[in-house]
Amino acid sequence: MSEIVIDRVGKAFEIDGKSVPALVDVSLRFEAGGFYALIGPSGCGKSTLLRLIADILAPTDGVITIGGQPPGVARRQHEIGFVFQEASLLPWRSVIDNIELPLEIAGGPVGDRPRPESLVRLVGLSGFENAKPAQLSGGMQQRVSIARALALRPKVLLLDEPFGALDEITRQRMNLELLRIWQETGTTAVLVTHTIGEAVFMADAVHVLAARPGRLVDTIEVDLPRPRRLALMQTPEFNRLENRVRAALFGDELAETADG
Amino acid sequence: MTFSMRMLGPALKSLVMPAAIALVLVALWKAVVVVFAMPAYLLPPPEAALGAFEKDAAKIGLAVFHTVRNAAAGLLVAFVLAILLAALFVSSQAVTRAVLPIVIMLRTAPVLAIAPILIMIFGRGIGTAIVVVVIVSFFPIMVNAMRGFSSTKRSALELMHVLGAGPVKTFVKVRLPFALPFIFTGLRSAATSALLAAMLAEWLSGAPGLGTLILDAASYRKTPLLWAAVVVSMVMAFAVFALTSAAERRFTSWRT
Ligand SMILES: Nc1ncnc2c1ncn2[C@@H]1O[C@H](COP(=O)(O)OP(=O)(O)O)[C@@H](O)[C@H]1O
Ligand SMILES: [Mg+2]
């Protein structure tokens, strides 16, 4: 429930003494409590953008604010939930202990935070509380890291291709769960995804990025009603939005194929 | 019942092999004595060593106590020092450049040469023993700990960062656990050399212990006692190795 403002942000990496731009002049506004999707080809800077918002990286140009303050403030107040592209669980901790890690770091009373046991149930891992990450499939590990990201009721939830390792059916189920959690908590969510359908299904707006250099090319507002249901995906309105995202992703390429 | 049997199984199994090897060694020892008609002042038969062991059990026990106490105390100091230094070195390049050369110099200084100085400063008792043990055994722990601390997965560090964890929590909850397998590798080699170092310190300072016992037995030609003490020190080294290995398995079982 914090607004995120990205104002003319650029990020360059130093590679072999040369400065290589990963993101150029990105300006975006994620309204408090909204759900946003970032989509684009590999290497267009989606992960870099999330890392900038989470204060893992500092921008080379421009300014990012969360709730009007620098991202470092939100981070130090434990207000950011981050689901990494790879599950990044601590291998010596059980499922439940991994989910409790953020609570141990933030300290203080549990308050209205969700109980770790209920988070385990939420991501469908009841019975695996005491399993070690090595005993879980990639998809299950990713679900643990989603539960972990939700443990502190973050005001900002950043998800970097969280469902990439999941099969289609589990993924749909997780998407619906995620929407339910998001609506319940009122967190501002930013989802990086490869899948056009997923982006449209989840988001209030889909931001399309292009590579070399990473930049914003288009924003598609998704004015579909909420709560979203699976049947929505078969409506013409949904397909029209999917096509608009596809057009933004492929640009001229798509036009050529249609002509020929 | 079955559960405790299963727990006992590996422990028993890990004792069977060493016991068998020990038996073969003793048999070989006896064979050498018989076949080459060894004079007892060079190599007494095993049963003579056993006799000496029984006769001087209290004396040997006291010597073992002194040596093990000194080695353990020195190892503890070395461990704390090594972990602190390693943590410091991986977190600051400047400190590494300033302090690491001094550490390496200390490491390469021959203990024999600086022994008189150490005895002057730390006396003939446990002080000098601890310092000698520290000099010999802290280096492998430190080097391995440094490797361990810098082996932490980047994603785990980024996670701690996003969660707003400070350097202390990041160290305790992520860096240290990730480094444990490396630390145990260092600890295992340090623990066995700590025993040797404790005996070396006794040789240098004349303080009581297994090393001094061996030296005295040799100079008074008490060969059976000498060999009893040698066997005891070998068993001790093996016990230390087995103990640290068991601790390693206990604390790093997640690696499998
Ligand atoms: N730490 C880094 N050092 C150097 N280059 C990086 C680093 N992180 C990302 N990059 C580069 O920035 C670009 C964008 O990467 P990334 O944000 O991971 O893309 P995406 O997540 O969209 O696939 C890539 O060209 C990548 O090689
Ligand atoms: Mg990425």
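Helices (H or I, at least four residues) and strands (E, at least two) are taken as DSSP runs and numbered from the N terminus. The structure is a predicted model, in which local features need pLDDT of at least 70, side-chain atom pairs count only at pLDDT 80 or more, and totals for chains, interfaces and linings use all residues. Residues are numbered from 1 along each chain as its sequence is written, chains are lettered from A and ligands numbered from 1 in the order in which they are written, and side-chain values use heavy atoms, with hydrogens and water left out.

The shell around ligand 1 (residues with a heavy atom within 4 Å of it) consists of Phe13(A), Ile15(A), Ala22(A), Ser42(A), Gly43(A), Cys44(A), Gly45(A), Lys46(A), Ser47(A) and Thr48(A). By class, the shell holds four nonpolar, five polar and one charged residues; here Ala, Val, Leu, Ile, Met, Phe, Trp, Tyr, Cys and Pro count as nonpolar, Asp, Glu, Lys and Arg as charged, and the others, Gly among them, as polar.

Several polar contacts (pairs of N or O atoms within 3.5 Å) involve oxygen atoms of ligand 1. A polar backbone atom of Gly43(A) lies 2.7 Å from a ligand oxygen, and a backbone N or O atom of Cys44(A) lies 3.3 Å from one. The side chain of Ser47(A) places an N or O atom 2.7 Å from an oxygen atom of ligand 1. Taken alone, ligand 1 exposes 560 Å², of which the protein buries 60% (Shrake-Rupley method, 1.4 Å probe).

Helix 3 (residues 95–106) and helix 5 (residues 138–150) of chain A pack at an angle of about 30°, their axes being 7 Å apart; axes are lines fitted to C-alpha atoms over the stretch in contact, and angles run from 0 to 180 degrees between N-to-C directions. The contact (heavy atoms within 4.5 Å) is formed by Val95(A), Asn98(A), Ile99(A) and Pro102(A) of helix 3 with Val144(A), Ala147(A) and Arg148(A) of helix 5. Five nonpolar, one polar and one charged residues make up this contact.

Most residues other than glycine have a negative phi, and most peptide bonds are trans. Asp16(A), not a glycine, has a positive phi of about 55° and is located in the loop between strand 1 and strand 2 (18–30) of chain A. A cis peptide bond joins Arg212(A) and Pro213(A), with omega about -10°; Pro213(A) belongs to the loop between strand 8 (205–210) and strand 9 (215–221) of chain A. The peptide bond from Arg226(A) to Pro227(A) is also cis, with omega near -5°.

Notes. A polar contact is a pair of N or O atoms within 3.5 Å; within protein, one must be able to donate a hydrogen and the other to accept it, and residues adjacent in sequence count only if both atoms are side-chain atoms.
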